Structure formats: structure tokens, C-alpha cells
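I opened this entry to record what I looked up in the structure. My notes follow in the order in which I took them.

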2 protein chains.
Amino acid sequence: MDTNSVSPLPPPEAPLAMMEVEKTPPGSPSANDMPPPPDENFWDKIMRYEEETENTWNCGSWFEYLLIVILSTILLIGVLVLTLFWVIYYRGGFAWTENPTLQFNLHPVLMIAGFITFSGFSILLYRLCRCLKHIYVKLAHMFFHACAIPCIVVGFLAVFDSHNLQEPPLPNFYSLHSWLGFVTMGLFALQFIVGFFSFLVLLCCENATYGCRAAMVPIHASFGLVNFMLAIATCVTGLTEKVISAQFPEAEKIVMNSLGMVLVAIGIVVSVAVRRSNAPATAKVYVTERL
Amino acid sequence: MDTNSVSPLPPPEAPLAMMEVEKTPPGSPSANDMPPPPDENFWDKIMRYEEETENTWNCGSWFEYLLIVILSTILLIGVLVLTLFWVIYYRGGFAWTENPTLQFNLHPVLMIAGFITFSGFSILLYRLCRCLKHIYVKLAHMFFHACAIPCIVVGFLAVFDSHNLQEPPLPNFYSLHSWLGFVTMGLFALQFIVGFFSFLVLLCCENATYGCRAAMVPIHASFGLVNFMLAIATCVTGLTEKVISAQFPEAEKIVMNSLGMVLVAIGIVVSVAVRRSNAPATAKVYVTERL
């Protein structure tokens with residue numbers, strides 16, 4: 001590792017300085033909250049805030065970081081285990097084309113594996129992984145998203161088949177769940193292609209593509225999180241459709257609703273992990289902004 | 001307005017400087033992307049990036065800002081109009097306790113008015129409004145959220161009554177939709193109380209509470225957006241429940257699914273508007289970070 005590489009916990013002054021720069025854009029009205037001394041310029045302000053806040057922001061940051069990592073790992077693996085449990089214990093397991101009803105069971109498992117577990121780890125890894133060189137983090141981010149692709153494709157084929165092979169065939173792209181799923185899959189494909197070309201292929205001529213890649217970063221990050229939230233919305237509508245469409249036993253309904261709540265909890269943990277700026281993760285809050 | 005107040009479009013250098021500070025935390029590995037010249041310190045780097053990017057980030061920013069404002073206004077009002085249309089044209093309008101089925105119709109309208117339209121405008125206004133003093137923006141943010149409260153309370157009573165007054169009474173807090181709704185309402189109440197005390201009441205002793213308020217800002221902003229996404233997830237599960245639970249005419253189903261898609265579009269526009277950092281909105285990207 002070169003001397004410039006990231007340490008697991010950079011000195012607190014670094015992120016603090018950045019956070020304070022955020023809060024005091026030059027020319028903005030800070031008069032309401034904390035009037036600056038007259039004749040103080042922008043850099044003086046930063047220095048002052050840096051000193052002031054040095055002792056304020058440190059406590060709890062490693063704890064928060066660990067909490068996010070542990071909680072999200074439990075939830076992302078837990079949701080997949082819970083889905084497998086539901087499908088195998090209550091819905092009779094899996095099959096391919098010979099039994100459309102059992103073939104359908106592949107759909108929730110593979111979609112949750114692809115869109116939630118793999119994508120969730122990929123997002124969090126990019127955001128929280130600070131001990132590796134940035135290119136390795138990027139490659140791992142791409143690898144996890146690439147793992148999601150076969151899951152999504154097979155999961156999509158499974159539901160398509162399970163509709164078409166029924167007697168009589170069920171209509172496709174009929175419900176809110178399917179419309180949302182279609183948008184989610186389209187945005188996922190777009191994000192993967194754009195991300196792959198912008199942040200890996202264009203690295204071949206680094207300096208020439210700097211402006212372009214810089215402009216893409218916040219777009220890719222925003223739409224990545226939007227895509228994850230879309231995936232969660234699609235999952236909860238799918239679960240709701242399923243739970244309402246048939247008379248399931250009470251215990252199974254509770255399992256399905258709990259699965260929905262776990263999915264929503266994942267949405268909360270991931271969006272807070274990505275947005276929070278006083279977690280130690282903020283030591284690298286700007287990793288997502290880097291190219 | 002004092003000389004320190006916010007102009008509608010600050011000079012591009014200001015936000016650019018901030019954005020670049022974000023991207024180049026001191027001690028972070030920029031070697032992969034753009035190796036800095038040796039012996040360059042942090043402030044030199046900022047100045048260099050500021051000069052370099054001055055011409056890169058300007059185009060399209062007013063256009064994007066206007067697009068977000070216009071699009072979100074259309075969507076936030078449109079979703080309420082579409083809900084009213086659905087409920088009045090297809091579901092027979094409103095009633096109070098004399099007719100539980102018609103009383104239920106108040107539930108989607110009032111919940112969408114409170115959790116989506118009022119809350120959505122409140123979030124966007126806080127994020128995008130840059131021509132007023134910050135305290136006025138805060139008060140408007142609180143006012144819009146306060147307007148949401150009666151909608152939510154009456155909307156909640158409407159569904160509660162419509163369940164209890166049925167023969168036989170329908171069970172409450174039974175579905176994923178109701179669980180999600182419960183969490184959403186709880187988080188809304190918590191956010192309102194914490195926001196009110198932290199950012200308005202504690203202003204009475206500004207300097208003493210600075211650290212506390214500073215620590216609350218990112219938490220309030222993150223959980224505010226989480227709450228909005230939760231509200232959207234709750235709405236789409238509610239719509240899905242309703243559309244699956246009965247045999248509605250095809251046209252009505254399409255209206256209901258479209259309503260779900262508009263809600264999801266609102267989620268996308270609001271989260272992108274709040275997160276994007278090369279919109280002109282970024283001129284005040286840190287408004288959300290201020291106290």
C-alpha cells in the first residue's frame with residue numbers, strides 16, 4: 001500500500017474539517033445560528049470550527065460504524081434466510097418448468113438474493129470499506145452487482161414461466177408490483193452499464209475522462225440508492241399481493257409480513273448508512289463521491 | 001435582508017469549492033484517479049480543483065433546478081388530484097361514521113395529502129428555497145409538516161372507524177400495510193417533536209445548544225427522508241392490498257396502479273432532489289446541514 005492509502009480510522013480532524021466546510025458555504029447566512037466574528041474569512045472559519053468541534057464529534061463513531069456493519073450483515077443475510085424458510089417450509093420448495101406453482105417460488109428467493117442481498121452488500125461495501133485501495137473496492141462493488149445479474153434473470157424467467165405455463169395462462173405485467181419490477185430491472189441494467197463504462201472502462205484514459213466521470217458520480221450514487229429503494233418497494237408490493245391473493249395460514253401471514261418489515265428495515269439501515277455524516281464511516285463519507 | 005443573506009444563485013465557485021472539498025479529504029487516496037503534484041497541501045488542492053472545474057459544472061444547473069421544482073410540484077399536486085378522482089369517481093365519495101365503506105375513502109386521500117403532498121413540499125421547500133432567511137424556511141418547513149398532522153390523525157381515525165363499524169368488525173393492525181403505517185406514523189411524530197425542540201425551541205439559547213443542534217441535523221435529515229420513503233412504501237402496499245382484495249373494473253385497476261407509479265416517481269424525484277449535488281440546488285446543498 002502506498003503512503004497515500006486509507007487508514008481504517010483517519011485522524012478525526014480530517015472529516016471534521018470537511019463536515020464543517022459543508023456547513024459553512026462562503027456567503028451563506030450563518031447569522032441566524034452563530035454570528036461569525038467580523039472580518040473572518042472562509043478558511044479562518046473552517047479552522048475555527050475544526051478546533052471547536054474536535055472534541056464534539058468523536059464519541060460513538062466506532063460504535064456506530066460497527067453497529068451499521070453488523071446490523072446490515074444480519075439483516076441482508078437474514079432476509080434471504082427468512083425467504084428461503086418461507087418458501088421451503090410453507091410453499092413446498094422449488095421446481096423448474098414441470099410445476100409452475102413451485103417454479104414461482106424461485107422468484108421471491110432469487111429476486112431478494114439479487115436486488116437486496118447482493119446489491120445491499122455491494123452498496124454498503126463501497127460506502128464502508130476503507131482499508132483497501134479504491135480500485136479494489138470498485139471491482140468488489142462491480143463483482144457483487146454482477147453476482148446479482150444471474151439471480152435477477154433467472155428470477156424473472158421463473159415468474160414469467162410460472163404465469164405462462166398455468167392453465168389458463170396468467171397475464172403478465174398486469175399489477176403495480178410487475179410495473180415497479182420492470183422499472184427496477186431497467187434502472188438496474190442502466191446503472192450497471194453506465195457504472196461499468198464510466199468508472200472502469202473510462203479509467204483507460206484517466207485524465208481525459210476526469211470531468212465526465214466526476215459528473216457521473218453523484219448521479220450514479222443517487223440513482224443507485226433510488227434503485228435499491230425501488231427494489232424494496234417492489235418486494236413489499238409483491239409480498240402484499242401474495243398475502244392478500246390467497247387464504248394462507250395465520251403463521252405464514254406473520255412470516256410474510258415480517259419479511260416485509262425486514263425488507264423495510266434494510267431500506268432504513270442502508271439509506272441511513274449511506275447518508276449519515278457523523279458515523280466514523282464519514283471518515284470516508286466522500287468515498288461515494290470519488291471516481 | 002442583511003448583506004450575508006442568500007442570493008438565488010450564488011457564484012458557481014462557492015458550491016464548486018465545497019464539492020471539491022468533499023471529493024478530496026486530506027489523506028485520502030486520490031492516487032488511483034488523479035495523482036496530486038507532490039508537496040501540494042489541502043488548500044492548494046481545493047484552489048486547483050476550483051479553477052479546473054469552474055467551466056465543467058455550470059451548464060444545465062438552472063434548467064435542472066427548474067425541472068425539479070416544476071416536476072415535483074406537478075407530481076405532488078397530481079397525486080392528490082388522482083387520488084380524489086379515484087375515490088370520488090370510482091369509490092362513491094366520502095362519508096363519516098354513517099357509512100363505514102365511504103368513511104374508508106377518507107383514508108387514502110388524507111394520508112396521501114399529509115404524508116406525501118404536505119411532507120413532500122415541506123422537504124423540497126427546505127432543500128430548494130434559497131431566497132429567504134433561514135429562520136423563515138425553517139418555519140415554513142414546520143408549518144407544512146404541521147398541516148400534515150390533522151390529515152394524518154383524521155385519516156387514521158377514518159380507517160380505524162371503517163374497520164370497527166363493519167358488521168362483523170374487521171381486525172386492525174393485521175397486514176404489512178398497517179404495520180408499515182404504524183412505523184411511519186411513529187417516526188413522523190418523533191421527527192416532528194425532535195425537530196420542533198431541536199431546531200426552534202433550542203434556538204432560545206443559540207450558542208449553548210450549538211453542538212447538540214449540529215449533531216441533530218444529519219440525523220433529522222436522514223430520518224426525514226427515510227420517513228418519506230416509508231410513507232411511499234406504505235401507500236403502495238395499501239394500494240396493492242386494495243386492488244387485489246376485490247374485483248375492480250379494469251379501468252379502475254389501471255388508475256390505482258398509475259397512482260402507485262406516481263407515488264414511486266415522487267419518491268425518486270424527492271430523493272434525487274435532496275441528494276443531487278450538481279444541481280443549482282447545490283448552491284445550497286448544505287442548507288439541510290444547517291441548524
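This is a predicted model: local features need pLDDT of at least 70, side-chain atom pairs count only at pLDDT 80 or more; totals for chains, interfaces and linings use all residues.

Entry on helix H6 of chain B. I looked up the extent of H6(B), which runs over residues 134-164 and has 31 residues. From its first C-alpha to its last I noted a reach of 45 Å, close to the 45 Å expected at 1.5 Å a residue. I then asked which residues of H6(B) are buried. They are His134(B), Val137(B), His141(B), His145(B), Ala148(B), Cys151(B), Ile152(B), Gly155(B), Ala158(B), Val159(B) and Ser162(B).

Entry on Ile88(B). I located Ile88(B) in helix H3 of chain B, residues 61-90. I recorded Ile88(B) as partly exposed, because it has 13 C-beta neighbours inside 10 Å. To Leu106(B) I noted a separation of 18 residues in sequence and a C-alpha to C-alpha distance of 10 Å.

Entry on chain A. I looked up the secondary structure and found nine helices and zero strands in chain A. Along the sequence I read the pattern as α-α-α-α-α-α-α-α-α. Of the 291 residues in chain A, 42% are buried. Among contacts in chain A with a separation of 6 or more, I recorded that 79% join residues 24 or more positions apart.

Definitions and conventions:
Residues are numbered from 1 along each chain as its sequence is written. Chains are lettered from A and ligands numbered from 1 in the order in which they are written. Helices (H or I, at least four residues) and strands (E, at least two) are DSSP runs, numbered from the N terminus. The expected span of a helix is 1.5 Å times one less than its number of residues. A residue is buried if 20 or more other C-beta atoms lie within 10 Å of its own, exposed if 12 or fewer, and partly exposed in between; C-beta atoms are placed from the backbone. Two residues are in contact if their C-beta atoms, placed from the backbone, lie within 7 Å.
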